[in-house]
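This report goes through a structure step by step. Look at the sequence and the 3D view first, then read on.

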Amino acid sequence: MRAAHAVPAVVAAALLATSAPAAAIDYPPPGDPGPVVQNPRGKHRTLFVCKRSTKRRRCFRSIQTAVNRARAGDTVKVADGTYNEGVILKGPAKAGLALIGNRKHPRRVLLEGTGLKTSDPHSQNGVQINGASDVTVNGFMAQNFRANGFFAVNVTGYLLTNLVAKRTGAYGIYAFNSIGGTMSRSEAYYNNDAGFYIGQTPKQTRPRRSLVTRVAAWGNVIGFSGTNVKYTTITKSRWFNNGVGIVPNALKTEKFAPPEENVIVDNDIFWNNFNYFPPQPVPFQFKGAATGDVDYPTGVGVLLFGGQRNTIERNRIFGNYAVGVGALEQVLLKFDLATDPRLATRTGATADAFELQANVVRDNAFGAAGADLNGRDLFYDGTGKGNCFAGNTLTAGLNLPVDNSTFAACTTPAAANVPNPAAQATALSWATADPTHEVAWVRHPHKPIAGLTPLEHCVLDAGGGCQGQPQ
Amino acid sequence: MAAAHDETGALGRRDFLGVAGAGLVCTIGGRALEVRTQADAARADVAAAALPKPPGAMSAPPGSLPVDRLTFAAPGPQPGGVAREHWIAARTVRWDPAPSGRDAWMKRRIPGPRSFRAYVYQQYSAGFAAPIGPATMPGPTLEAEVGDTLVVHVRNADERLRQAITLHPHGVRYNPEYDGAYLGDFTRAGGFIAPGEEFTYTWEATPDSVGVWPYHDHGPNHTLNTFRGLFGALIVRPRGAPKPDREYVLYLHSFPPPVTGRARAFQCVNGRTAAGNTPTLTAKVGDEVAIHVIGGDSNHHTFHVHGHRWPDAAGRPVDTPTVGPNEVVTARWREDNPGRWLYHCHVFAHQDAGMAGWYIVDP
């Protein structure tokens, strides 16, 4: 695929590397998530799942069995224990269903994927919600699933809360081709792609906003990734010790490019310097990208890889060795749209989906007041239009480009964006021409944070995690 | 209730006059409803919740005109202006119009139960990440200067009433896309924000927008929901004009029995009733003071501030101007008279029922 493009192969590899969806996984086909629906009305039942029934309460032994019996709007309560199964909720007959584990101690209700047969569709995801809108999943841990921990697809509305997703083949907590929903109070770590992912959001005139709040992602290839993600607010969360912190991105591999109207506000985004590349050991099965030849950039806090009308505001961004916030046009998609006249129609992309437009980076605090510097605070290749920077507290003393010529102020009329091909080439080379994956790094000492240890190179412990990190 | 309608579903004249005195008249989905009690309000809510999403003017419903199919782009600020962005969620809250439980002017207890379900516009931080402060009535005051645009993201965050709302402004310039009004089959996107949805309005502050204006719900159940509290104000100033030292927006309005479930209406200023609950305004001698008063229900009110006079639009001194539904009057003066003063509506039935408050001027 890369050979077909006029852009250099190394550039294409870098572009493909950023947050490509794990297409090799056997996902259900995307459908139309449909209109907003009313919650199921009427009398609802509560079904119980536990490892052993008692005289006082009989219960199902498997969660899937209870879910199969449940009707729209019912509640399935699951007792503490380890359940060696993945759960599938499929179709409108399961709309509004609430799957409740242990809200205070989600690790006590463990969905374990180890040992499930590859041919078993239940081995793919801890919980998969397909076409059942407004489902709640609350109080579970999922680990060792081949695809994802918790996965909602083709739905209008979901609540995924008090969850832990560990060591999956792709994403920890994931929503695809869906309209509106909340991911909250959850943790994702040691996932082979992103800890949290929202992708292929359908275009909406009156959007239902998605909310990612009070979550933590660490030890993943990417903390949050969103291919063509839209109308999503990411807030009050911690993104640290990943290869990259947060990456909204435009790709042709999913519909409805570009990513639009996302707000990244009031987060802590730090220490995203996890170099997980071989030959170094990693706490998950490193598969590379489904598109092949993956070279994810490391050391990056936030990267806008394409994107329009996104806002990055009032975040605390520090200790990322390459750059705190970067913005790069989607060069490969630009080429594809120019050379494939049917691509836009086929994927629902806009004609300018590759372009950075009207993105705002403002009022962020970089470098922890000088106590934990980023290698660079800002990178912007200067492409697109209406992108601006205002009110940021910069401390690194270094940006890309070094002359700061691309960082247009937020004024009316909007200051022109001026492309800087050299800056773009430099940024791309970080990801493509560096077998160490650290050439872009400008190391600085970190300020201590209670309970946390920086993760740059993993030394495996007896449990398969990285030494010094939580289990 | 059926007796109140003629064969067309409209209220008869006698019925209308009766309802007008005691309750509300709501027309929802082409059906006129008299709303005298909370049960009536619940029926109105059910009717509003059952309304289907309008097909959109672009679908060319019967009776549509070419203008209905015009498309409009979002305007940008004029040179030197800025886009002022707000994130406002509409949500219902439990609301006590007299948190102190007392009328500090009349020295009387205000017996309970007083709380009921109100509807508010609440300011949020970018992306609706978190509320900025508690719910208030009126909603956030939106300020702009000539040449600016107001970019207002409105989210219908209510999960109880399950009906569409909007935010419709007065005073500023907007194209039909950003009118924020439900127009039946001719409704555009911003005229029907269903539960869970959001819409971004863009309005222009033009030279003839200078002043103070109301905004309010103009969705399919606008009368009832405006009476519940879906209202606010916007202020447009000339570019570079200074703000007064003390500036207040006071909505004079009432919560009628269909909203509260009580036998009598609460007469209110900014969602509260009786001095000690209503806003206590403050100033110092020498301050320039501006009080913008908006009529927020179906009645006319007369706004009186003890110890003060100010010029009306014609330059004539007044101290009790009249303000009608969704009209605005501004009382403005340089403060020179310290003391504890009353402000109140001078419609006696309103002032004695709580439409009053304190104005404290320090020397």
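## A residue with positive phi

A:R214 is partly exposed, because 14 other C-beta atoms lie within 10 Å of its own. A residue counts as buried at 20 or more such atoms and as exposed at 12 or fewer, so A:R214 falls in between. The place of A:R214 is the loop between β15 (210–213) and β16 (216–218) of chain A. Its phi is near 55°, which is a positive value in a residue other than glycine.

Another residue of this kind is A:N144, with phi near 65°, again positive and again not in a glycine. A:N144 sits in the loop that links β8 (135–143) to β9 (148–153) of chain A. Is A:N144 buried or exposed? A:N144 is buried, because 22 other C-beta atoms are found within 10 Å.

The model is predicted. It scores ipTM 0.85 and pTM 0.90. For chain B the mean pLDDT is 91, and 93% of the residues of chain B reach 70 or more.

One stretch of chain B needs care. Over residues 1–21 of chain B, pLDDT stays under 50. For this stretch the model has 22 contacts beyond four places in sequence. Where pLDDT is low, the predicted coordinates should not be read in detail.

Strand β11 of chain A covers residues 173–176. A:I173 and A:A175 point one way from this strand, while A:Y174 and A:F176 point the other way. All of these residues are buried.

Which residues have the most contacts inside the largest nonpolar core? They are A:V76, A:F150, A:I173 and A:F196, in a core of 211 residues. Leaving out residues up to four places away in sequence, A:V76 touches A:L47, A:V49, A:I63, A:A66, A:V67, A:A70, A:L97, A:L99 and A:I100.

## Helix α5 of chain A and its tryptophan

Helix α5 of chain A runs over residues 421–432 and includes A:W430. The helix has 12 residues and reaches 16 Å from its first C-alpha to its last, close to the 16 Å expected at 1.5 Å a residue. Its buried residues include A:A423, A:Q424, A:A427, A:L428, A:W430, A:A431 and A:T432. An α-helix has 3.6 residues a turn, so residues three or four places apart point the same way.

A:W430 is buried because 24 other C-beta atoms lie within 10 Å, and the cut-off for a buried residue is 20 or more. Apart from neighbours within four places in sequence, A:W430 is in contact with A:P297, A:A322, A:V439 and A:A440.

## Cis peptide bonds

Where is A:P413 found? A:P413 is in the loop between β32 (388–390) and α5 of chain A. The peptide bond from A:T412 to A:P413 is cis, with omega near -5°.

The peptide bond from A:A257 to A:P258 is cis as well, with omega near 10°. A:P258 belongs to the loop between β20 (244–249) and β21 (263–265) of chain A.

Chain B has an open sheet of four strands, in the order β7-β12-β11-β9, with mixed pairing. Its edge strands are β7 (142–145) and β9 (168–169) of chain B, each of which pairs on one side only. Strands β11 (residues 211–216) and β12 (residues 231–237) of chain B pair in the antiparallel sense over six bridges. The bridge partner of B:Y215 in β12(B) is B:G232.

How many residues of chain B are in contact with chain A? There are 19, and they are in contact with 19 residues of chain A. The side of chain B that touches chain A has 10 nonpolar, five polar and four charged residues.

How values were computed:
Residues numbered from 1 in each chain as written. Chains lettered and ligands numbered in written order. Predicted model: local features only at pLDDT ≥ 70, side-chain atom pairs only at ≥ 80, totals over all residues. Pairing = 2+ DSSP bridges. Helix = DSSP H or I, 4+ residues; strand = E, 2+ residues; numbered from the N terminus. Contact = placed C-beta atoms within 7 Å. Nonpolar A, V, L, I, M, F, W, Y, C, P; charged D, E, K, R; others polar. Core = buried A, V, L, I, M, F, W, Y, C linked by C-beta atoms within 7 Å. Expected span 1.5 Å × (residues − 1). pLDDT = per-residue confidence, 0-100.
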